[in-house]
Structure formats: C-alpha cells, structure tokens
Amino acid sequence: MKNFTYAITTVVHFGKGQIEKLGAEVASCSSRVLMVYGGGSIKRNGVYDGAVAQLRAHGVEWAELPGVEPNPRISTVREGIRLCREKGLDGILALGGGSVIDCSKAIAAGALYDGDPWDFPAGRAAPEKALPLFTVLTMAATGSEMDNIAVISNPDSNEKEAFGAPCCLPAVSILDPSYTCSLPASQTAAGTADIMSHTLENYFSPIETNYLADNMAEAILRACVLYGPKAIEVPDDYDARANLMWCASWAINGFLDMGKPVGWSVHRMEHELSAFYDVTHGVGLAILTPNWMRYVLSEQTEARFARYGEAVWGLDRALPQREKAEAAIQKTRAFFNSLGLPATLTEVGIDSTHFAEMARKARTANFDRTFVPLSVEDIQEIYKMSL
Ligand code: NZQ
Ligand code: ZN
C-alpha cells in the first residue's frame, strides 16, 4: 500500500430530522450567509422551510441565490460571489444536490479570491481559503457533501472542469435521507449510476493493493444494486434512501482510493458530453461505463472484471474467467437499463459531430495512469461504441 494522509473533516449529521442541528452549526461560525439553491425542489419538499426556521431561531441573517442549474454555470458562481461581497456575507448554506453544493464551493472560494473564479476549474489557480460551507443534501449521487471537489461548466466555451482544494470541504453536512424521497425516478436512477461510477473508477485501478478499500467498494456496489431499484419502486422507502445516501458519500470521499494509484477514465469522458450537450451527469456515465468496460477488457484485465462479477453480481465462481468478465459487463448494462436509464448517446440526442474534439479535450495526462491508459483515438472509439 502507498503512503497516504486521510483528513475528511466534514461533520455529518445523518438521519431524519437532523436539520434541527443546522442553526447552531451555522451560528457557531457565521452570522450572515448566502443561501444557495436550485430550481425550486427545496420549496416543495420542506427543506427551504426547515432551513429558514433554523436560521431564524439562531439569529442568522441570509441572502438568497436561487436558480443554480444542473451542471452549474460559472456565471451563477460569479453572481454568488458578487452577492457575498455586496452584502458582507461570512458563510454559504447550500440546499440541494451536487450542482448546488459544487456551485457553493466555487462561491465560497471565489469570494476570498482576487481573480476570476474560472481560474479554479481552468487550473490557473488553486483555492487557498474559502468561506465556511454548510450543506443540506437533497440527492444521493455526487458525494459533494463530503468531498472537496467542485465541477463547474462554462457553456460559452463548451467546457466542464473540476477543481478541488481542502478549504472547499463542507464544514457541516446535514444528510436526511427523507429529503430524497421527492426525487423523480429518473434522478434516483442517475444518482445511483453516479455512485456506482465513482466506486468503479476507484475499484478498477492499475494495482490492487488495498484489501479494505476493494471490499468496501464491492459492498457499495452491492448496496446500489439492491437499493437503487427499491428507491425507484417505492420512492419513500427510507432504508433504501438512507443506504443510497451514505454510499454516495463514501464512494468519493477519498477512502476508496487510499493507498493505491487511481486514475479516473469514464468521468473525464462524461464531462465532455455534459460540456457539449448539457446531459445529466449520471445518464452520461450509465451510457459510457459498459462500453468503456468492453473496450478495456483484455487478457490483462479480465481477472479484475471476473472478481467484480462474482462479488457484485453473484456470478458462479466456476465459470471460466473470460466468460465471467463478459457476463459482469452485460450485468452492468442490464442493470442500468432496468433503472430506466438510456443506453445510447443517440437516445439523448448526441451524434458523432464533436467526438474528435471531445476526445481531444477529454484526454488529459491523467489517462497515462488509468486502469488501462487510453489515447485520444481510444476515447473516440468508446464514444462511437456508445452511439
Ligand atoms: O434544481 P432543483 O429544483 O433542486 O432540482 C434538482 C435538479 O433538477 C433535482 N433535485 C435534487 N434534489 C431533489 C430534486 N428534485 C426533487 N427532490 C429532490 N430531493 O434534481 C436535479 C439534478 O440535481 P443536481 O444537483 O444537478 O444533481 P447531482 O446531485 O447529480 O449533481 C450533478 C452535478 O455534480 C457534478 C456533476 O458533474 C454535475 O455537474 N459532480 C460533482 C462531483 C463532486 N462534487 O465531487 C463529482 C461527480 O462525479 C460529478 O461530476
Ligand atoms: Zn460522478
């Protein structure tokens, strides 16, 4: 195992009614916050009212930034920073899913930065300080509630880029699974695919050297296979929602890639789909993942896929290794289909027009250290397989 430092300092209050802790937590370090939210789901499921009651009860003032887009835009980040400066705000309260939380991270860091916030996703600057960030999560998917990453889009240049810095880690996250019961089936499915993809990106690494992390990854994947369909069938199944929510946080909070070299492949390819076509992140992942698996399956990689097939899909240990590996990939495809997720790019209105450019932009140096290193041509081929 390689050396590592693990420091996830986010305080998590998990469970029904935990919003009761929000006011005291916010008041302990902020007196005037920017409340950031999306298109209005929080006003229908009680999150907004719950948060407002908490802020009032603890004497915290606030300004609001509504309308954060799925695939949040840099223009919205700039508006949030403007509000923070104009009103002298000293904290950020994110109410929503990954898009709202990511946007809030960029605002939190951007408010204390002299330059333009696009410098962070563009890799021109790394955030060194940020306003304290509090989150109330409403969707199990990205893990943004317990990681320090933000993904921001710039539609003017067809760019969608991630950045991360320790100062962007939420100070406190309220994880109440009952808030996710109002999610439409399509978002529950996309969220489940995203959790699985984070886990798979960490699981399929060049070297298997972390027994604990590998087994935990398999447990998270099994939980998604078990609880994803349950949450879609019975949207207010609390246990299903709770398991998905906790899995989401642990799939990407740094634990699964401790001690082993990990380079993510499918996410980088998906971000180009979202950048050019604004598709839902989890949908893009569900389309690409089984095709990426097929493309990288070889004599060198089949043992890992076979292990995945046994541990996650319960495939017969006695099956020949290659057969088991192929069956595991088919199971992955069939599972995403069963959640109602699209299986092809064509279904979401994407054709080959931009494949060459997307593949060129997707192919960062990171692809030298992925499970199987990929060239621009390889990536383009995977896009083609996904049509
Ligand atoms: O805008 P509102 O009205 O809130 O509606 C949202 C949005 O339309 C809705 N929604 C969320 N919670 C709901 C709800 N509707 C009903 N009831 C609820 N409880 O769901 C829609 C999607 O929300 P969004 O926040 O966009 O989804 P998600 O959490 O999947 O976030 C996606 C973004 O996160 C990025 C993605 O690229 C994408 O931009 N990612 C962030 C990561 C991170 N920070 O670590 C890693 C991920 O790999 C990912 O890239
Ligand atoms: Zn993701």
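This is a predicted model: local features need pLDDT of at least 70, side-chain atom pairs count only at pLDDT 80 or more; totals for chains, interfaces and linings use all residues.
Residues are numbered from 1 along each chain as its sequence is written, chains are lettered from A and ligands numbered from 1 in the order in which they are written, and side-chain values use heavy atoms, with hydrogens and water left out.

Glutamine 18 sits in the loop between strand E1 (11-14) and helix H1 (22-27); helices (H or I, at least four residues) and strands (E, at least two) are DSSP runs numbered from the N terminus. A polar atom of the glutamine 18 side chain is 3.1 Å from the backbone oxygen of phenylalanine 14. The side chain also makes a polar contact with that of lysine 21, at 2.6 Å. A polar contact is a pair of N or O atoms within 3.5 Å; within protein, one must be able to donate a hydrogen and the other to accept it, and residues adjacent in sequence count only if both atoms are side-chain atoms.

Two other loop residues have a positive phi. Most residues other than glycine have a negative phi. For asparagine 71, phi is near 60°. Asparagine 71 belongs to the loop between strand E3 (61-65) and helix H4 (74-87), and is buried, with a relative accessible area of 8%. For asparagine 158, phi is near 50°. Asparagine 158 is in the loop between E6 and strand E7 (159-164) and is partly exposed at 26%.

Around ligand 1 there are 32 residues, the closest being Gly39, Gly98, Ser99, Asp147 and Lys160; a residue is near a molecule if one of its heavy atoms lies within 4 Å of it. The shell contains residues from both domain 1 (11-179) and domain 2 (185-385), so ligand 1 lies between them; these domain bounds come from an automatic or database domain assignment. Helix H5 (98-110), strand E6 (149-154), helix H6 (185-203) and helix H9 (266-277) each contribute at least two shell residues. By class, the shell has 10 nonpolar, 18 polar and 4 charged residues.

Ligand 1 has an oxygen atom 2.7 Å from a polar backbone atom of glycine 98, and a nitrogen atom 2.9 Å from a polar backbone atom of tyrosine 179. From histidine 271, a polar side-chain atom is 3.1 Å from an oxygen atom of the ligand. Taken alone, ligand 1 exposes 960 Å², of which the protein buries 90%; accessible areas come from the Shrake-Rupley method with a 1.4 Å probe.

Histidine 267 is in helix H9 and histidine 281 in helix H10 (residues 281-296), 14 residues apart. Histidine 267 is buried at 7% relative accessibility, and histidine 281 is buried at 13%.

Isoleucine 195 is in helix H6 and is buried, with a relative accessible area of 1%. The C-alpha atoms of isoleucine 195 and leucine 221 are 8.2 Å apart, and the two residues are 26 residues apart in sequence.

Methods: Ala, Val, Leu, Ile, Met, Phe, Trp, Tyr, Cys and Pro count as nonpolar, Asp, Glu, Lys and Arg as charged, and the others, Gly among them, as polar. Buried means under 20% relative accessible area, exposed over 50%, partly exposed in between (1.4 Å probe, protein chains only).
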